[in-house]
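Here are my notes for your first look. Keep the model open as you read.

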Amino acid sequence: MSTKIEDFILLFGGDLSADVAEQINTKLSSIPTISSTHNIHKVRMSKSKEFKTALLEGPLAKPTTLAIFITQTIENEAPPEDAGACIRFFKRKTHPETLLTDKIQFAVLGLGDSNLLLDRQHTAAKDCNQVAQMLDVRLEALGGQRFCQRGESDERTGLTEVEPWIDVLVEKIKECL
């Protein structure tokens, strides 16, 4: 069960995820209640200190903050360079299972390209959204509260899955204002 939302953090790494983060920001900002009373923070996943402070230590590290992760998967099940610091941070096995408990709610949107899977000589990946899948599972394992179902999209289909996922996210957010 999701609780009231007071703040938003859009986390992204890479050009495509930055574009999608801007789409989400625009949709959220168009909701009168959000634009007048809520804060939307955009944080690059490459900025270690920024995302750690926002999610774990700062005034936004609370259950009424929704962290929306927009993650790309590139060749060989890897995030883009700009998202690597954040993804590696959450993959660490040394974190306690309570790292995110009572800190954030989260949503994850994966941006993949199944064209990269067609040439098996260059990739061992089995799915084009593996970074998002791993991050979603890991955030929950660390005590984060899932706000909505993970979204997955594919560049091969024109990322047609992105807009419907954003619409579902926005509707669910409206219910929690």
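1. Is Leu159 buried or exposed? Leu159 counts as buried, because its relative accessibility is 17%. Buried means under 20% relative accessible area, exposed means over 50%, and partly exposed lies in between, with a 1.4 Å probe and protein chains only. Leu159 sits in the loop between β6 (151–154) and α6 (162–175). Its phi is near 55 degrees, a positive value in a residue other than glycine.

2. A word on the source. This is a predicted model, where local features need pLDDT of at least 70, side-chain atom pairs count only at pLDDT 80 or more, and totals for chains, interfaces and linings use all residues. Residues are numbered from 1 along each chain as its sequence is written, and side-chain values use heavy atoms, leaving out hydrogens and water. Helices (H or I, at least four residues) and strands (E, at least two) are DSSP runs, numbered from the N terminus.

3. Now look at Asp102. Its phi is near 60 degrees, again a positive value in a residue other than glycine. Asp102 is in the loop between α4 (84–91) and β4 (105–112). Asp102 is exposed, because its relative accessible area is 62%.

4. Glu81 is in the loop between β3 (65–72) and α4. At 76% relative accessibility, Glu81 counts as exposed. From Glu81 to Gly110 is 29 residues in sequence and 16 Å in space, C-alpha to C-alpha.

5. Next, the helix pairs. Two packed helices are described by the angle between their axes and the distance between the axes. Axes are lines fitted to C-alpha atoms, for helices over the stretch in contact, and angles run from 0 to 180 degrees between N-to-C directions.

6. The axes of α3 (residues 48–57) and α4 come within 9 Å and cross at roughly 50 degrees. That makes α3 oblique to α4. Angles under 35 degrees count as roughly parallel, over 145 as roughly antiparallel, 65 to 115 as roughly perpendicular, and the rest as oblique. Ser48, Phe51, Lys52, Leu55 and Leu56 of α3 meet Ala85, Cys86, Phe89 and Phe90 of α4. Contact means heavy atoms within 4.5 Å. These residues divide into 7 nonpolar, 1 polar and 1 charged. Ala, Val, Leu, Ile, Met, Phe, Trp, Tyr, Cys and Pro count as nonpolar, Asp, Glu, Lys and Arg as charged, and the others, Gly among them, as polar.

7. The axes of α1 (residues 15–29) and α6 come within 11 Å and cross at roughly 35 degrees. Residues in this contact include Ile24 of α1 and Trp165 of α6. The contact residues divide into 9 nonpolar, 1 polar and 3 charged.
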